[in-house]
Amino acid sequence: MATKRFMTLPRHIMEGEKLHPEATGELSAILLQLSLAAKLISLEVNKAGLVEILGFTGDENVHGEKVKKLDIYAHEMLIKAMDHGGYFCVMASEEEEDIIHLPPHHKIGKYVLLFDPLDGSSNIDANISIGTIFSIYKRISPGNGPGTLQDCLQPGFQQVVAGYVVYGSSTMLVYTSGHGHGVHGFTLDPAFGEFLLSHDDIKIPNQGRIYSLNEGNYFTWPLGLKNYIKYLQSNLFDGKPYQARYVGSMVADIHRTLLYGGIFIYPGDKRNPKGKLRLMYECNPMAFIMEEAGGRATDGKKRILEIQPTGLHERTPVFIGSMKDVLLVEKYLREGQDRY
Ligand code: AHG
Ligand code: MN
Ligand code: MN
């Protein structure tokens, strides 16, 4: 899957544009702007620990600037990077209760941007991989004025672009424009600050050997899920049971699942029937990517991408990864008949 061609993100996008005459060039510009924001956030992520160690005051650093919590920093960085290109009519962020309108004097565009500026925040201080997730739609409300909540509450199959950035041992940007155009991964070369194509046309294995979920919640799981996990642990696959891996940052767990295969699960349970992960800026973009890579993503019954959203921050159970693994957990959940 790793590719040798020296292909930068801008060149890859331009070449992609030639293949799709309907492309207006705006999506290319959006992706490039997002990659700029990713570089700036990556810089901050990589020195976050330093800030802690050097003990800059919680409120001000040596330059007299406010030292912001990383997820607020990432939130503001993304808005600053994306609010002036004339691409969007409205935005929405995990960090903002309501939709985000563009500043009044800015040109209004025809796209909608939803994002989780910093995913895995609880892992920041332990220097564990975290990420950013983004999801782009075309506006559906009439006219050319500011976008509306209706523009932000579209089912996931309407996405035009979805992607994530994982700030790990290296910084990688992974995106897809769907419709058979493939999923492509770019690794940031810090030497000259370019994202280079490192994973061309990523396809997830049809079955994996890794399952990923927070087993601390075992006693609140539905019966079918308990039986499924017991099956993975008590049977041999190529001579050994499935392995458990759980980072606790969705972006990191999904990235590993995409590359190695297997299944990531954040289920609904007795306490939270809808689970924890947000439909609009976590599950929908990841489902769009996973299906484009040949995988599957459901809420245990229904495709994530077909859920009609009713709220900007609504949550959904999510079972996502290799086709065979997700189909099998759905079978166990059916047999469990929603019993606990
Ligand atoms: P965020 O930091 O954006 O709130 O997301 C955290 C999410 C997700 O990244 C991860 O999969 C999940 O929280 C982990 O939750 P648990 O700690 O409950 O397992
Ligand atoms: Mn998140
Ligand atoms: Mn977040």
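Reader: Is aspartate 238 buried or exposed?

Author: Aspartate 238 counts as exposed, at 69% relative accessibility. Buried means under 20% relative accessible area, exposed over 50%, and partly exposed in between, with a 1.4 Å probe and protein chains only. The model is predicted: local features need pLDDT of at least 70, side-chain atom pairs count only at pLDDT 80 or more, and totals for chains, interfaces and linings use all residues. Residues are numbered from 1 along each chain as its sequence is written, chains are lettered from A and ligands numbered from 1 in the order in which they are written, and side-chain values use heavy atoms, with hydrogens and water left out.

Reader: Where is aspartate 238 placed, and what is its phi?

Author: Aspartate 238 lies in the loop between H5 and strand S9 (243-244). Helices (H or I, at least four residues) and strands (E, at least two) are DSSP runs, numbered from the N terminus. The phi of aspartate 238 is near 55°, a positive value in a residue other than glycine. Most residues other than glycine have a negative phi.

Reader: What about the phi of histidine 179?

Author: Histidine 179 is not a glycine, yet it has a positive phi of about 50°. This residue is found in the loop between strand S5 (171-176) and strand S6 (183-189). Histidine 179 counts as exposed, with 62% relative accessibility.

Reader: And histidine 199, buried or exposed?

Author: Histidine 199 is buried, as its relative accessible area is 17%. It belongs to strand S7 (residues 194-199). Its C-alpha atom is separated by 9.8 Å from that of methionine 172, 27 residues apart along the chain.

Reader: Turning to the metals, which residues coordinate the manganese ion (ligand 3)?

Author: The manganese ion (ligand 3) is coordinated by Glu94 (OE), Asp116 (OD) and Leu118 (O), at 2.2 Å. Donors are N, O and S atoms within 2.8 Å of the metal (3.2 Å for Na, K and Ca); water is not among the atoms, so sites may look incomplete. Along the chain, these donors follow the spacing E-x21-D-x1-L. The pair links distant parts of the chain: glutamate 94 is in the loop between strand S1 (88-93) and strand S2 (111-119), while aspartate 116 is in strand S2, 22 residues apart. Glutamate 94 is buried, with a relative accessible area of 18%, and aspartate 116 is buried at 0% relative accessibility.

Reader: Which residues coordinate the manganese ion (ligand 2)?

Author: The donors of the manganese ion (ligand 2) are Asp116 (OD), Asp119 (OD) and Glu282 (OE), at 1.9 to 2.1 Å. Their spacing in sequence is D-x2-D-x162-E. Here too the pair links distant parts of the chain, with aspartate 116 in strand S2 and glutamate 282 in helix H7 (residues 279-292), 166 residues apart. Aspartate 116 and glutamate 282 are both buried.

Reader: Which residue bridges the two ions, and how far apart do they lie?

Author: Aspartate 116 bridges the manganese ion (ligand 2) and the manganese ion (ligand 3), which lie 3.7 Å apart.

Reader: Now to the helices. How many residues of helix H6 are buried?

Author: Nine of the 11 residues of helix H6 (residues 250-260) are buried, so this helix is largely enclosed by the rest of the structure. Among the buried ones are Met250, Asp253, His255 and Arg256. Just after H6, glycine 261 takes a positive phi of about 90°.

Reader: What is isoleucine 229 in contact with?

Author: Leaving aside its neighbours within four places in sequence, isoleucine 229 is in contact with Tyr211, Leu213, Glu215 and Trp221. Contact means heavy atoms within 4.5 Å. Isoleucine 229 lies in helix H5 (residues 223-234) and is buried, at 2% relative accessibility.

Reader: Finally, how many helices and strands does the protein have?

Author: The protein has eight helices and 12 strands. Its radius of gyration is 20 Å, close to the 20 Å that the globule rule gives for 340 residues, so the protein is as compact as a globular protein of that length. The radius of gyration is taken over C-alpha atoms, and the globule rule is 2.2 Å times the number of residues to the power 0.38. Of the 340 residues, 54% count as buried.
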